Amino acid sequence: MPGPQKVRDKEADSRSEEKRALDDIFSLVYEELRRLASFVRKNEVSATLNSTALVHEAWLKLKDSPHLASTSVPHFKAIAAKAMRQVLVDEARRRNARKRGGAGEAIRVTLGDSVDEITSCDEELIALHEALDELKRLNPRQAEMVENRFFAGLNVAETAGLLGVSESAVERDWRAARAWLNSKIRPDME
Amino acid sequence: MDRARWERIQTIFHDTVARPESEQQAYLETACAGDQGMMAEVLAMLKADSRGPSLLDRGLPEVAYRMVGASIDSASFREFGPYRLQRILGEGGMGVVWLAEREDAGNLVAVKFLPNAGLSPARRERFAREIKTLAKLKHPYIARLYDAGALADGTPWFVMEYVEGLRFTEYCRQVERPIEERLRLFRKVCEAVQYAHGQEIVHRDLKPSNILVESDGTPRLLDFGIAKELQSLDETADQTRPGLRFLSPDYAAPEWVRDGTMGVYTDVYSLGVILYEILAGRLPIKNTAGDRTGDATESTPERPSIAGKRSSSLSKAAWSELDVLCLKAMHEDPRERYQSVEGLSRDIDHYLNGEPLEARPDALRYRLGKFVARNRRTVVAASLTVAMVILLVVFFTLRLAKERNTALAEATRTRHIQRFMLTLFGAADREAAPSNDLRVVTLLDRGAHEAKVLNSDPETQAELYENLGQMYQRLGKFQQSNELLQLGLEKRQAALGAENPKVADSLIKMGLSRGEQTQFKDAERLIREGLDIATRHLPPDDLTVLRARSALGVVLAESGSYDKAIALLNPIVKRPPTGEEGTYILLDSLPPLAVAEQNTGHIDVAESLNRRALALDRQLFGNSHPAVGFELAELASAEATLGRVPEAEKMYRETVAIYTAWYGRDNPATAQYTNILARILAQEGKYVEAAPMLQEVLPILEQAFGKSHLYVALALDSMGTLELMRGDLAAAQGHAERAVAIDKALFGDSNHNTAVVKAHLAQIFIKKEQYDRAEPLLRETVKALTERSLPGNLSVGGAQALLGRVLLREKHYRESGEQLTAAYAILAKQPGTSYLKMLQQTREDLATVYEALHQPDKAAKFRTELVANQPRKVDAPIGN
């Protein structure tokens, strides 16, 4: 069956292309996340330091690299959002697996956070990730919107600009997507 | 579920939430038409919609914290093997370093972990490479690797020698270590880097925090986290670039940042920057303007001797050697750098031994190329004067280049002068322009000396003398200027005879210089002499004749003979000479004519002349040339004086934009114009915009002009006013007091500037109700201003109004009444509404005074005026 096989290869190609771009900003995103985390720890998260600023800084660091040269800022933000999502979900999965694997390996937290909270964050993230994949099947643009807003911190106007739709359309799509995703992430919560 | 169904669900969801709660259930049932699955989906969404914040709403920082935050300051263990962790020493791009104690041996070690190692294979690879690199390096100045492994969860670690010491730069700063000691220490660092290079390892992240100095003075190199083996360089273009690079931009070599090329020269550059820092006490300022497009290769940092406070223990010549050495190490172009760390070390040895440096460039061609390459852009000038001198040199160069085409005989001479100029200024240019007038003067002194011993033909000599003389004139060094111009004149007379038109040119130059020194009689005599010679030998429309007429006009306008000046200058301006030289004559004639017209009451004519000069500048130099910016600022200043503040604002904005584009934001001239713009903005009440401008500008001005310069005082004064308006009185007082102190030191206690700044400080005290502190300040202000101003001066009125208020608050009614009455007389005469607020306040104060003095009639008079002049929108009175 040469036809379908070829199609799949092409898909795989573009995915590996994307993966390469992701690899490149992977570590950077990770370090930025840690920085962001350390700000939260010190209660320093403010309007000036949000994920948008973070993504913007990442952009400044990376913009001169050859294969990002032709990338526009919004497009870069979209890539960064994907990287952010992947870093977080990978970590959540890894920790989840470890928790199931052996008791002795659980991370001991000393910051006043209960292990439960951490656990729920892991599981919620994985659930969000999976629900987002499902949403992508139902409406790719909507899934992309959630990705950009949540993982890259784009605001309504930026999201609208990136996707080429009106702001009210973004607001409307967001509300429905949020409700639906939340119903999938924590279905039994009151 | 499919797409269509999801669309349908969303529609129902939106339609439902748009309805009142009481109708929702019914609507839902109708809309879903018995589709229980759909109904359940929408219901779940409605529930989620009304629920509080979830993961999605918490935002990324929170999630980041929960996901990767834990490893920041809590290891997942406290001990492993024989090591017990104590505290975090630091965390960088490549892991967290803990201080640990080896329990069996009791010694301290540093343990580096790679947290969240599972995330990225690339990070794991780099960590492994660091271990491999460290294992290869065994040198007394490099921290040693002891052990390496991985935790049960896969987190890799390695143990290395713990170095207890100070950052390299901090160590150097301590007790003001002499330069030579710093250099010897730096030399040791070079040795360690050189050793690593010998092991084919490039560090790539050399910076002061990676070089610690132990208490016995031994430097230790740390953190080979992004080091690279030279032999593997070609294999894969360098995978470390770009995403995985966490380098420190201040120390990273430009070519590496730009396109990833690297080699030993990468480390040479970083060492150069570190050397700069220990010499100058700060990092070189990079050209950061324009971020992406800004071509870093064009910028040259200020010489370290100028950037830093030059230690007096070293001679000028020694500093000059160090400048060359340091700037060669950190040259933007790797080909121009030392080709190895060894080369750098060798030159440091040469320096320490008092031998000539290998780095000393002597090729004029190199300087010339550099000079020409950047005479259109990024003239990194350190002060307005220097900028002017450099422009002047460019101007001369271009003009001389033109002359070369006119006569072959002159070619040699022209080249000679050009060479001389470039040698003279080439040095200054190459190592960035000098930071203050003194340096330019030194340069000129050197030039003047060389010109005198230069045994060339008299005409060359004469031209050199005159060029230098004019530069001294621009710098206000009139004694030298006079001397050199006189020498030039004598040379010309001797060589060409007293009647030669070129002698006329010399006479004109001298005359203009005298005019600037306000020796108008001499000036007029010299120029007339020149004009006579020129008229005797040349046709009336010859450029030399016209130049003489224009010059005479300039001097007459300066000396106040406005009508004569207009008579001379008007024909030139009406029928301007053609050609480039002619245009310059026109350009020289316009401003004095404008002055003359303005002073004979023709303000409109003057303004149109100024605008014409501006247009000509634009035409000659392009819209973005500093000459245009300068002209605009002149116009703006006039506009501001006339009270046309918005126009002034617009022009200053353009000036600032031009200077920013030309010299960069960090340039002192740019900073000073920004300073003035901020002042104008503050005057207009645009505090939000003005405040950050001043914040940005102050350190630049302090750096360039010193902490007690007029410009700094100006900025501080504006900042004080801003803080007063914003209500931060403590900050306002701090700024204002500094401004007063500076002005006092500069101009004396009774100077006009000092007086005005004092009044501003007094306003702060009034606001704080510290009338006893405001009173003496205002008394001094009123006294100083009254002595130096014409009767009816507005500043005097303003100060008296303030003093009157203070006295009123202190219940000294009679004297308060006197001051307020005087103020009232001045303020009431001001046209327009700009001073209405102040006037109204004075009326109110006067009314209060007369009530206290039991003169109800007078009080009533002012109360009536107060009400009659109430603006429609009531503003809060000043200072309340």
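Start by selecting N148(A): leaving out residues up to four places away in sequence, N148(A) touches K77(A), A78(A), A81(A), L154(A), T159(A) and L162(A). Two residues are in contact here if their C-beta atoms, placed from the backbone, lie within 7 Å. Before going on, note that this is a predicted model: local features need pLDDT of at least 70, side-chain atom pairs count only at pLDDT 80 or more, and totals for chains, interfaces and linings use all residues. Residues are numbered from 1 along each chain as its sequence is written, while chains are lettered from A and ligands numbered from 1 in the order in which they are written.

Is N148(A) buried or exposed? N148(A) counts as buried because it has 24 C-beta neighbours inside 10 Å. The cut-offs are these: a residue is buried if 20 or more other C-beta atoms lie within 10 Å of its own, exposed if 12 or fewer, and partly exposed in between, with C-beta atoms placed from the backbone.

I79(A) and N148(A) are 69 residues apart in sequence, yet 9.0 Å apart in space, C-alpha to C-alpha.

Next, select residues 140-151 of chain A; this is helix α5, where N148(A) sits. Helices (H or I, at least four residues) and strands (E, at least two) are DSSP runs, numbered from the N terminus. Zoom out to chain A, and you can find 7 helices and 0 strands. Of its 190 residues, 35% count as buried.

Move to chain B and select residues 264-280, which form helix α11. Its 17 residues reach 24 Å from first C-alpha to last, close to the 24 Å expected at 1.5 Å a residue (1.5 Å times one less than the number of residues). In α11(B), 17 of the 17 residues are buried, so the helix is largely enclosed by the rest of the structure. Just after α11(B), look for G281(B), which takes a positive phi of about 80°.

For the last stop, select Y652(B), A715(B) and L778(B). These have the most contacts inside the largest nonpolar core, which has 77 residues. Such a core is a set of buried Ala, Val, Leu, Ile, Met, Phe, Trp, Tyr and Cys residues joined through C-beta atoms within 7 Å. Apart from it lies another core, of 72 residues, among them W157(B), I201(B), F224(B) and L275(B).
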